[in-house]
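This report covers a helix pair and the nonpolar cores of one structure. The sequence and coordinates are shown first.

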Amino acid sequence: MTATADRPCVALVAHDAKKDDLVTFCSQHRRVLVGCDLIATGTTGGRIKEACPDLSVTRFKSGPLGGDQQIGARIADGKVDVLIFFIDPLSPHPHDVDVKALTRLAVLYDIAMALNRATAELLIVQILKNQRVA
C-alpha cells in the first residue's frame, strides 16, 4: 500500500452513464471504503460525497478538464493502490485518449484496476481482508 501504512489509496472514476452505478457501489461498500484514502474526478467525487457524506473523498478536476490526468500523475508517483473506473463501453467519449492514458498508467505501474462492478467487488474483498490483517 502506498497512501499510508494502513490506508490504501483508491481512485474512483466513472463515465457519465456509470456514475450512478459507482455511487451505489460506494454506498454498499462504505464500511470498507471509510478505511481508505479516496480520490476521484470532480463530478464523480461530488456525487459520491453527496450520497456518502461519511466518506472522505479528495476531488480533482472533472475528467475532460484534466482530472483523469491528475489521477494518472498520482499513479505515476506511486500514490495510488487501486483504480476503480466504471467505464461505459457503449457510448463515445470525447476525451477517450485521456481514458486510455489512465488505464495504460495503471497497467504500467502494476496497480489493481477494476473496469466493472464484478472486478471492483473482488478488489473490495481484498481490501477488507488486508484491513482485518493490519
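The sections below describe a predicted model.

## Crossing of H1 and H3

Helix H1 spans residues 19-28 and helix H3 spans residues 42-51. Their axes come within 9 Å and cross at roughly 40°, which means that H1 is oblique to H3. The crossing in which H1 passes H3 is right-handed.

On the H1 side, the residues that meet H3 are Lys19, Asp20, Leu22, Val23, Cys26 and Ser27. Their counterparts in H3 are Thr43, Thr44, Arg47, Ile48 and Ala51. Sorted by class, this contact of H1 with H3 holds 5 nonpolar, 3 polar and 3 charged residues.

## Largest nonpolar core

The largest nonpolar core has 25 residues. Within this core, the residues touching the most other members are Leu12, Leu22, Cys26 and Ile84. Two or more residues each are contributed by strand S1 (9-14), H1, helix H2 (30-33), strand S2 (37-40), strand S4 (82-86) and helix H6 (117-133). H6 supplies the largest share, 5 residues.

Leu22 and Cys26 of H1 also take part in the meeting with H3. When neighbours within four places in sequence are left aside, Cys26 is in contact with Leu12, Leu33, Ile48, Cys52 and Leu55. One of these, Ile48, belongs to the H3 side of the helix pair, and another, Leu12, is listed with Cys26 among the core residues that touch the most other members.

## Second core

A separate, second core consists of 15 residues. Among them are Ala11, Leu105, Ala106 and Ile111.

Key: Residues are numbered from 1 along each chain as its sequence is written. This is a predicted model: local features need pLDDT of at least 70, side-chain atom pairs count only at pLDDT 80 or more; totals for chains, interfaces and linings use all residues. Side-chain values use heavy atoms; hydrogens and water are left out. Axes are lines fitted to C-alpha atoms, for helices over the stretch in contact, and angles run from 0 to 180 degrees between N-to-C directions. Helices (H or I, at least four residues) and strands (E, at least two) are DSSP runs, numbered from the N terminus. Angles under 35 degrees count as roughly parallel, over 145 as roughly antiparallel, 65 to 115 as roughly perpendicular and the rest as oblique. A crossing is left-handed if the near helix is turned anticlockwise from the far one by less than a right angle, and right-handed if clockwise. Contact means heavy atoms within 4.5 Å. Ala, Val, Leu, Ile, Met, Phe, Trp, Tyr, Cys and Pro count as nonpolar, Asp, Glu, Lys and Arg as charged, and the others, Gly among them, as polar. A nonpolar core is a set of buried Ala, Val, Leu, Ile, Met, Phe, Trp, Tyr and Cys residues joined through side-chain atoms within 4.5 Å. Buried means under 20% relative accessible area, exposed over 50%, partly exposed in between (1.4 Å probe, protein chains only).
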